Amino acid sequence: MRNLVRMIIVLTGICACSALVLAYANKVTKAPREYQLLKYVQAPSIKSVLTTYDNDPIKDRIVLKMGKDNKGRPLSTNVFLAKKGGKIVGLAYEAAGMGHEGLIHVMVGVNPDGKITGISITTQSETPGLGSRVTEPSFTKQFKGMTLSDSLNLSAKGGKIDAVSGATVSSKGVVTAVRKALELFPKIKKEIG
Amino acid sequence: MTLTQEFTKGLWKEIPPFRLVLGICATLAVTTSAKNGIGMGVATTFVLVFSNLLISMLRKFIPRNVRIAAFIVIIASFVVLAELYMQAYAYPLYKALGIFVPLIVVNCIILGRAEAFASKNPVLPSLADGLGIGIGFTISLFVVGGIREIIGHGTLFSVPVMWSSFKPFGVMLKPPGAFLCLGLILALMNFISSRKKG
């Protein structure tokens, strides 16, 4: 009986100490882990949508609260700031639009006047070789220099973006995502001042 | 045995995975390059040294019946620590090793040393044992990874080392290459030992 009690106490003690140490380590490494994830997963697309800057946009990022999702959890967006000589010269942030197979996430680079400096598809699951061709530069470069206006639409709807042939739904998803991103722009601009 | 002997036995006499044929899963799976081999070796050494240290300190408190469970909790905690810090400060390596980082928990070398050595010996010899076996394991992984990288890719630490017309043997980077390489090194080491004795 004494032995049983001892086993329970020792094992419980060891597990409790282990949980304590791991919880602490998890807290301490949280910020650098997030930084590394952004640096290696999102940095390539951030770099491609921003133009001249001399800072580290991943370090100079701000997290903006974006209301709540349909389950009531708070949503937030990472906004990456590009600075040159301490002055903000561009922003990059992600938005999503519904494609043919699911959400298409697009990283959008915007300069302080609200003009697009570049877009890059970060995640998509469109049909390979068909819808997935929206990631190609020949499609994404059309967005460069556009603002939130009527021309930011597919040409079939009177805009100036030519859809990838045979992939109208995917192309529309990208346009929706970019438009969503630009609709957020005044709010983000107000936040960063 | 002296402390130095406890340390050096891990470098030749009991070097894993060649002499103690344990920890084969990690050895075969992650040694596609010298860098991955060393990364895996260092992570394993960290876990081995600290779990040996802690288990040796607690050896009089842990009841015999639950010792394996207690050892596994201690080992698993250090593995998660290693995983978290790797993710935070060595992300590309973490990505390259993938699932094999959490799998260090079930690496038989660590549980083997805990059960066969640390649970029966004082702190200092356990520390020397862990360090020796860990460094031995790192050297072995580096050798296997290096050979596979040179033959399978023509590079060492991503630097080209072979002549320019060298055609890499892609099979060395695949699982059969790992078995080939491990088996040949094992044979070579046995040959050298038998010559020494005879």
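Two residues are taken to be in contact if their C-beta atoms, placed from the backbone, lie within 7 Å. The model examined here is predicted, with local features requiring pLDDT of at least 70 and side-chain atom pairs pLDDT 80 or more, while totals for chains, interfaces and linings use all residues. Residues are numbered from 1 along each chain as its sequence is written, and chains are lettered from A in the order in which they are written.

By the contact criterion, B:V47 touches B:I75, B:F78, B:V79, B:A82, B:I104 and B:I110, leaving aside residues up to four places away in sequence. B:V47 also belongs to the largest nonpolar core, which has 41 residues; together with B:I74, B:I75 and B:A82, B:V47 touches the most other members. Such a core is a set of buried Ala, Val, Leu, Ile, Met, Phe, Trp, Tyr and Cys residues joined through C-beta atoms within 7 Å, where buried means that 20 or more other C-beta atoms lie within 10 Å of a residue's own. Helices α2 (24–30), α3, α4, α5, α6, α7 and α8 (175–197) of chain B each give two or more residues to this core, and α4(B) supplies the largest share, 10 residues. Helices here are DSSP runs (H or I, at least four residues), as are strands (E, at least two).

Helix α6(B), residues 108–118, holds the buried residues B:I109, B:I110, B:R113, B:A114 and B:A118. These cover an arc of only 135° around the axis, judged by directions from the helix axis to the C-beta atoms, and so they lie on the same side of α6(B). Their packing partners are α3 (34–58), α4 (67–89) and α7 (123–153) of chain B.

The contact between the chains takes 19 residues from chain B and 17 from chain A. On the chain B side, α4 and α5 (91–97) each give two or more residues, with α4(B) giving the most, 12 residues.

Turning to chain A, its secondary structure comprises 4 helices and 5 strands, in the order α-α-β-β-β-β-β-α-α from the N terminus. Strands β2 (residues 74–84) and β3 (residues 87–98) of chain A run antiparallel, joined by 6 bridges; pairing requires at least two DSSP bridges. A:F80 stands opposite A:A92 in β3(A). The two strands form a hairpin with 2 residues between them, and A:G85 in the turn has a positive phi of about 60°. The C-alpha trace of chain A spans about 85 × 45 × 30 Å along its principal axes.

Terms used: Buried ≥ 20, exposed ≤ 12 C-beta atoms within 10 Å, placed from the backbone.
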